[in-house]
Amino acid sequence: MTGLRFDLRDPPPGAAALRAEVRAFLAEHAPRWSPEVRARSWMGFDRDFTRAVGAKGWIGMCWPREYGGTERSFLERNIVLEEMLAAGAPVGAHWIGDRQSGPLILRLGTEAQRRKFLPRIASGEYAFCIGLSEPDSGSDLASLRTRADKVDGGWRLNGRKIWTTFGHLCDWMIALVRTSPAPEGGSKHQGLSQVLVDLRAPGVTIRPIRDLVGEKGFNEITFDDVLLPEDALVGQEGAGWAQATSELAFERSGPDRYMSAHPLLEAGIEALRGDGAAAGTLGRQVARLWTLRAMSTAVAGMLQEGEDPIRQAALVKDLGNDFEQALPERMRDVMDTDAMPEEMRRMHAYLTQIVPTFSLRGGTREIMRGIIARELGLR
Amino acid sequence: MACGIAAELAEQVARALADAAGTETLRAVEDGAFPEAAWTALDGLGLAGALVPEDAGGAGLGFQDIVPVLEALGRAGAPVPLAEGIGASALLAAAGIAPPGGVLSFAAAGAPVPWGRHAAHVVLLEGARVALHEAASLRWTQGGNIGREARDTPLVTAPPLAEGSLPNAWGAEAALLLAALIRSAQIAGAMQAALALAVDHANTRKQFGRPIGRFQAVQQQLAVFAAEASAVSVAAAAAARAADARGLAAAAFEIGCAKVTAGEAAAKGAAIAHQVLAAMGITEEHGLHHLTRRLWSWREEGGTERFWAQRIGAMVQSTPGPLWHFITSRDEEPAA
C-alpha cells in the first residue's frame, strides 16, 4: 500500500449560489468568445476579461482582504476555476498570478512585496508569468544557468528563459535563477533563488516564438545585465528550489489539469444528442471526467487543510492530462471531423494541434510518473 | 480514504484475512471448497449487518463506511462471501425482512448467484421485489467465472421463506447497483494488492545487474498502475458517498461512473502486473493470477464498462443543457 491517500469532502456551504453567480457572469461574456478562444482555455489571454473577473473578487480569492483577496476557502476558489474552465473563458491573464505567483508572494514575500503585488494581481492589473525552462534546461530544471549576482543595491541578472507562456504580454516574471554556485560535490538544487523581474526593465529582451498553430503563445526572454532591486528576491536566498517545488501540489492538481479541452466535450454531446452509437464513447469520457473531478476536489480539500499532497497532485495531473489530451481523438471516434458543426470543428482543429502541450506544461508526463514511482519505492 | 470506524473495520478485516486466508485458501476455494476457517474468522467480526439499520439490529453504517472493508476483501482476492452477505442483509432489511445468519448471497432473479452452492440462504430480486430463499430449496446449476469463483444459477422450485418490497430509495435495480458498487471497491483492493506484488517483484528481480524497478520503462508502467488504482479507490468512495446521500437508486450515475473507471482500470492494471512479473506471473505457483483473474471477472459483474458507459452516455445525451451543469447539479451540499 502506498501513502496515496485521497480524502473526499463535501462542497463548501453556499457552493450552488456561488456557481450560479459565476455562471451568470460568464453568460454575459461568453457570446464574445470564438471557438478558438474557448478551445484555448486557460491559455486565452484577455486583460479586459481578467479585470472583470478581478472586479468580482474572483482572483486571489483565498488571500486576506488587506491584500486584495476576499478570504474565501480553497474549495470555493475551486468552484470558480471549474466554472471558468467549463465555459472556456480566457483566464490566461490572471491564471498564473492567481494559481502560483500570488500564493508564493503571500506565503514567502516581504510585507512590502505583498502590498505591492497582491492587490494588483487580484484586480487584474498585473499579469505574471513563470521563468523556469531554459534553452538547455527542461525537465532537468536544476541545471539552469540564468544567474543573479549580488551587486550594490541589488542583483544583476544574466541568462535566458524560454517557453515562457505569455511572456510578451505579462508585466512580471518570477524566475528561478542561480544566485550562488552549486556546492562542489553537493546538490545542484542548492544555490537557486526566486526573483521578481519587471519585464519592462532595461536589458530584458522578449522574442515571441511562434507555435505550431501559428500563434505567438510563448517566448524566449533574454536578460542582459538586468539590474534588479534588493527586494526582487522572493523568500530566502538559496532556497528557490524548495520554494518552487513546494507550490507544485497547487499547480498540478487543479481542474486545469483535466478540463483544458472541456468545451469540446460539451460540443460533442450537443452535436450527438440522440446518437445511440456515440453514447458509449461519450459515457466513458463522462465517467472519467467525474472520477478526475472527485480526485482533484479531494486534493483541493487536502490543500485547504494545510496538507501537502504533492504526489497525489502528480497523479491527478498525469491521469487528467491523459484524459484531456485524448478528447479530440475520442470525438473523432464518434464523428467525422467534416460532419462536426462549425464551432465544434474549429475547436477540434485547434485542440488537435495543441493537446500535446498538456502533458508537457507544468512538468512532463515522464516527470509525473517518476514522482509516482518514487512514492512506490522504485527509485 | 477511510477514517474512524470505517478504517478500524477495514483493519480488522485485513488482519483476519491475513491470518486465515492466504494463497492456499484461494486455491482451495477455486477447487470448489468452502473456506471454513476464514469464514469463521470473518463472520465472527459481525460485519454481515454492517449496512442494516441499527433499529433492525444492524450496525447502521453507510455505503462509504464499508468501502474500505470491501477494498480489504479485494486485496485478499475476496476468499469469503462477506461482501455478498453484507449486500444481501442490507437488501433484506430494506425490504423489512430479518436477515438470517450464515452464508448469504444475492442476485437479480435469473442471474448467477455468487457463492450460490455454499450459501445457506439466497436473496433473489425481481426489480424491487425481494425474496429470501433457503438455498437447499432451489435447484442449482453450477457455474463460475474466470476467477474460478462459484457463480451458480438457481431455479426456484419452492416458495420463498419471506418476501418484501424495496423502498424507492433502493429502487428496481438494487441488485445491479449494489453489485456494481461492491465490485468497484473490490477491484480497487485487488489492484492495490497486484500493484504491491508487482512493485515488490520490480525491486527484487535483477536483470542487467540491477533490479528491474530501476529501469524507467518499468517505473513508468507501475506509475500508471498506481494512478489507476487510486482512481478506482476514489471513484468507489465517491459513488458510495452519493448512495449514502441520495439512496442507491438515485446514485446510479455515480455508481456507473465508478464501475466504468474500475473496469477500465482493472484491465490496464492486470496487463501491467503481468508485464512486470513476466513469465513468473503466468505460473500457477505465483499468487498474482488469483488477483488478475478476479480483476477480469469482477469487471464483468454489476455491469461492464460498455454497459454503464452506454447508460451514462444516454443519460447525458438526453439531459438538456451542458454536461457540466448536470455533473455539478449532483454535488451534495450539506444542509445549512
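# Burial, contacts and domains in a predicted model

Q: How far apart are the end C-alpha atoms of residues 17–125 of chain A, and how much of the span is helix or strand?
A: The end C-alpha atoms of residues 17–125 of chain A lie 27 Å apart. The span is 66% helix and 0% strand. These values come from a predicted model.

Q: What feature does UniProt place at residues 17–125 of chain A?
A: The UniProt record gives "domain: Acyl-CoA dehydrogenase/oxidase N-terminal". That entry is unreviewed.

Q: Why is A:W163 called buried?
A: Burial needs 20 or more other C-beta atoms within 10 Å. A:W163 has 21 other C-beta atoms within 10 Å, so A:W163 is buried. This residue is found in strand 3 (residues 154–165) of chain A.

Q: What is the phi of A:W163, positive or negative?
A: Phi of A:W163 is near 65 degrees. That is a positive value in a residue other than glycine.

Q: How do you know whether B:W115 is buried or exposed?
A: Set the count against the cut-off of 20 or more. B:W115 has 24 other C-beta atoms within 10 Å, so B:W115 counts as buried. B:W115 sits in the loop between strand 2 (113–114) and strand 3 (121–126) of chain B. Its phi is positive too, near 60 degrees, and B:W115 is not glycine.

Q: Which residues of the largest nonpolar core touch the most other members?
A: They are B:L91, B:L222 and B:A239, out of 235 residues in this core. Helix 6 (residues 174–204) of chain B gives the largest share of the core, 20 residues.

Q: What makes a residue count as in contact with B:A239, and which ones are in contact beyond its neighbours within four places in sequence?
A: The test is C-beta atoms within 7 Å. Leaving aside those neighbours, B:A239 is in contact with B:L181, B:S184, B:A251, B:E254, B:I255, B:C257 and B:A258.

Q: How many residues does each chain bring to the contact between chain B and chain A?
A: Chain B gives 45 residues and chain A gives 46 residues. On the side of chain B that touches chain A, the largest share is 14 residues, from helix 7 of chain B. That side divides into 27 nonpolar, twelve polar and six charged residues.

Q: How is chain B divided by its domain assignment?
A: The assignment gives domain 1 (4–165) and domain 2 (174–329). Their C-alpha centres lie 22 Å apart. Across the boundary, 26 residues of domain 1 of chain B are in contact with 29 residues of domain 2 of chain B. Helix 4 of chain B supplies the largest share of the domain 1 side, nine residues. That side has 15 nonpolar, eight polar and three charged residues.

Q: What does UniProt list for residues 181–306 of chain B?
A: The record, an unreviewed entry, lists "domain: Acyl-CoA dehydrogenase/oxidase C-terminal". The end C-alpha atoms of this span lie 16 Å apart. The span is 79% helix and 3% strand.

Q: How is chain A divided?
A: Chain A has domain 1 (15–127), domain 2 (130–239) and domain 3 (245–375). The C-alpha centres of domain 1 and domain 2 of chain A lie 25 Å apart. Here 15 residues of domain 1 of chain A are in contact with twelve residues of domain 2 of chain A. Helix 5 of chain A gives the largest share of the domain 1 side, seven residues. The residues of that side are nine nonpolar, six polar and no charged.

Notes: Residues are numbered from 1 along each chain as its sequence is written. Chains are lettered from A and ligands numbered from 1 in the order in which they are written. This is a predicted model: local features need pLDDT of at least 70, side-chain atom pairs count only at pLDDT 80 or more; totals for chains, interfaces and linings use all residues. A nonpolar core is a set of buried Ala, Val, Leu, Ile, Met, Phe, Trp, Tyr and Cys residues joined through C-beta atoms within 7 Å. A residue is buried if 20 or more other C-beta atoms lie within 10 Å of its own, exposed if 12 or fewer, and partly exposed in between; C-beta atoms are placed from the backbone. Helices (H or I, at least four residues) and strands (E, at least two) are DSSP runs, numbered from the N terminus. Two residues are in contact if their C-beta atoms, placed from the backbone, lie within 7 Å. UniProt positions are given in the numbering used here, feature names are shortened, and annotations may be inferred rather than shown by experiment. Ala, Val, Leu, Ile, Met, Phe, Trp, Tyr, Cys and Pro count as nonpolar, Asp, Glu, Lys and Arg as charged, and the others, Gly among them, as polar. Domain bounds come from an automatic or database domain assignment.
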